[in-house]
Amino acid sequence: MSNSIRIQPRGQKGLVMLPQAPEDAGYYVYGNVSHKPGTGALAQYAHPDLMSLIFRIERHWQTIDDRKFGIGNISLADGGKFGHATHRKGIEMDCRPVRKDRMVGPSARCSRFDKIYDRDATLRLICLFAEHPKVQLIYFNDDIIQSAIGGGIVTSWAGHDDHFHVQIREPS
Ligand SMILES: [Zn+2]
């Protein structure tokens with residue numbers, strides 16, 4: 001660990017860029033803007049409330065699993081529109097389901113229909129989000145996970161087979 005102070009890039013609306021997967025992080029980053037490779041970081045600006053949730057869950061996750069989970073699109077720095085109906089305020093993020101292998105990085109996609117999909121671990125990961133009071137809704141199309149968590153917090157939405165979408169409450 002170095003002692004240097006790391007300042008994360010900041011957008012106009014107080015959104016801050018997610019640290020780009022430091023070595024000791026419990027997550028890795030993936031995703032892009034408009035399918036352009038290498039642009040993922042541009043869409044990883046989070047509201048400070050979401051950022052602290054990510055760090056809390058990342059730490060907790062590292063105590064129960066030694067695989068990294070994938071964090072994809074959050075928001076653009078200026079809250080602009082980019083291929084999502086939402087993802088404009090830094091309060092929504094996409095994450096990949098957990099794979100049975102240890103593959104990470106942009107090509108480590110995993111759908112709930114894949115053999116490599118680790119449902120039990122994905123359930124444990126989504127639980128960490130679902131039990132946090134700031135989390136308002138989660139979209140993920142695995143109905144077994146939906147009913148295991150209960151309370152109607154995890155629901156289906158088109159396209160949410162290879163990632164789950166987490167939205168926190170609107171910051172006051
Ligand atoms: Zn999303």
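Is His35 buried or exposed? I will come back to that in a moment, after a word on what we are looking at. This is a predicted model, in which local features need pLDDT of at least 70 and side-chain atom pairs count only at pLDDT 80 or more, while totals for chains, interfaces and linings use all residues. Residues are numbered from 1 along each chain as its sequence is written, and side-chain values use heavy atoms, with hydrogens and water left out.

Now to His35, which is exposed, because its relative accessible area is 74%; here exposed means over 50% relative accessible area, buried means under 20%, and partly exposed lies in between, with a 1.4 Å probe and protein chains only. His35 sits in the loop between strand S2 and strand S3 (45-46), where helices (H or I, at least four residues) and strands (E, at least two) are DSSP runs numbered from the N terminus. The phi angle of His35 is near 65 degrees, a positive value in a residue other than glycine.

Another histidine with a positive phi, near 60 degrees, is His87, which is placed in the loop between S4 and S5. His87 counts as buried because its relative accessibility is 1%, and its NE2 atom coordinates the zinc ion together with Asp94 (OD) and His165 (ND1), at 2.0 to 2.1 Å. Donors here are N, O and S atoms within 2.8 Å of the metal (3.2 Å for Na, K and Ca), and water is not among the atoms, so sites may look incomplete. Along the sequence, the spacing of these donor residues is H-x6-D-x70-H, and Asp94 also counts as buried, since its relative accessibility is 4%.

Let me turn to the two helices. The axes of helix H1 (residues 48-64) and helix H2 (residues 119-130) come within 10 Å and cross at roughly 145 degrees, the axes being lines fitted to C-alpha atoms, for helices over the stretch in contact, with angles running from 0 to 180 degrees between N-to-C directions. From H1, the residues Leu53, Ile57, His60, Trp61 and Ile64 meet Ala121, Arg124, Leu125, Leu128 and Phe129 of H2, where contact means heavy atoms within 4.5 Å.

Within H1, Ile57 is buried, with a relative accessible area of 3%. Setting aside residues up to four places away in sequence, Ile57 touches Phe69, Leu125, Leu128 and Phe129.

That brings us to the core. The largest nonpolar core has 37 residues, and those with the most contacts inside it are Phe69, Ile71, Met93, Phe129, Ile138 and Phe164; such a core is a set of buried Ala, Val, Leu, Ile, Met, Phe, Trp, Tyr and Cys residues joined through side-chain atoms within 4.5 Å. Among the elements giving two or more residues to this core are H1, H2, strand S4 (69-71) and strand S8 (164-168). Leaving aside neighbours within four places in sequence, the contacts of Phe69 include Tyr27, Ile57, Trp61, Cys95, Leu125 and Phe129.

Finally, where is Asp161 placed? Asp161 lies in the loop between strand S7 (154-155) and S8, and its C-alpha atom is 9.2 Å from that of Arg96, although the two are 65 residues apart in sequence.
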